[in-house]
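Please keep the structure in view while reading.

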Amino acid sequence: MYNFSFHMKQLIKDISRSCRELRHIDSKKLLVAISHSRNNKKYGLQAKLVPLKFQGGRRVIRASGDWYCKMPPLKYEGEDILYVIYFCLPRFQNLDFKEKLTIVFHELYHINPMFNGDIRRFPGKFYQHTRSEKEYDQTVQTLSQNYIRTTRRKWLTNFLLYSHDELRRKYGDITGLNLRLPEPILFKRNKARAE
């Protein structure tokens, strides 16, 4: 049996130690989960980062009027979790090595440099990827190439060399953390109490 979440978490831990631009990431406060892609097509969602706080790291925001939205805390093994990264299997694992590593860096680069539960925000309306998604992709490709060139723990990326079926043939069933995220709670704040 191969625990995808465990091995990806080990890789992320090494990336956050090795890559200056991602040293703000505390892997203890990040979960790696798997979701199952509905089909084996190459195109579609491969991975996604889910921040567990709102803009600026706030847990509560005003939705409209007296209505507020609260993100409930998520604890895992005694840690307050700030981010969850989902990898869609088998789709993610069936990409080539370079694509897989770039996607890992793509999702990690979305994590706010303050590591406050919010995403990294760029100026303007294209706050997730800047005005040019191509520029964003070039940044994460450079980071991933630098990592693979300089890491002393290259063996941590070995599982990315295999397709989903190859990994299964080598190790048996592929498992990982299946996690249903807490959903924001909408509530009405009493004006008298709020003031």
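## Phe187 and the aromatic pairs

Not counting residues up to four places away in sequence, Phe187 touches Val60, Asp66, Trp67, Tyr68, Cys69 and Lys70, where contact means heavy atoms within 4.5 Å. The model is predicted: local features need pLDDT of at least 70, side-chain atom pairs count only at pLDDT 80 or more, and totals for chains, interfaces and linings use all residues. Residues are numbered from 1 along each chain as its sequence is written, and side-chain values use heavy atoms, with hydrogens and water left out.

Phe187 sits in strand E10 (residues 185–188); strands (at least two residues) and helices (H or I, at least four) are DSSP runs, numbered from the N terminus. With a relative accessible area of 25%, Phe187 is partly exposed, whereas Tyr68, at 12%, counts as buried. Buried means under 20% relative accessible area, exposed over 50%, and partly exposed in between (1.4 Å probe, protein chains only).

Rings of Phe, Tyr and Trp (its six-membered ring) pair if their centres lie within 6.5 Å; planes under 30 degrees apart count as stacked, over 60 as edge-to-face and the rest as tilted. The count comes to ten aromatic pairs. Two of them are listed here.

| Pair | Type | Centre to centre | Angle between planes |
|---|---|---|---|
| Tyr2 and Phe159 | tilted | 6.2 Å | 35° |
| Tyr68 and Phe187 | stacked | 6.0 Å | 25° |

Tyr68 lies in strand E5 (residues 67–70) and Phe187 in strand E10, so their pair ties together parts 119 residues apart in sequence. Both Tyr2 and Phe159 are buried.
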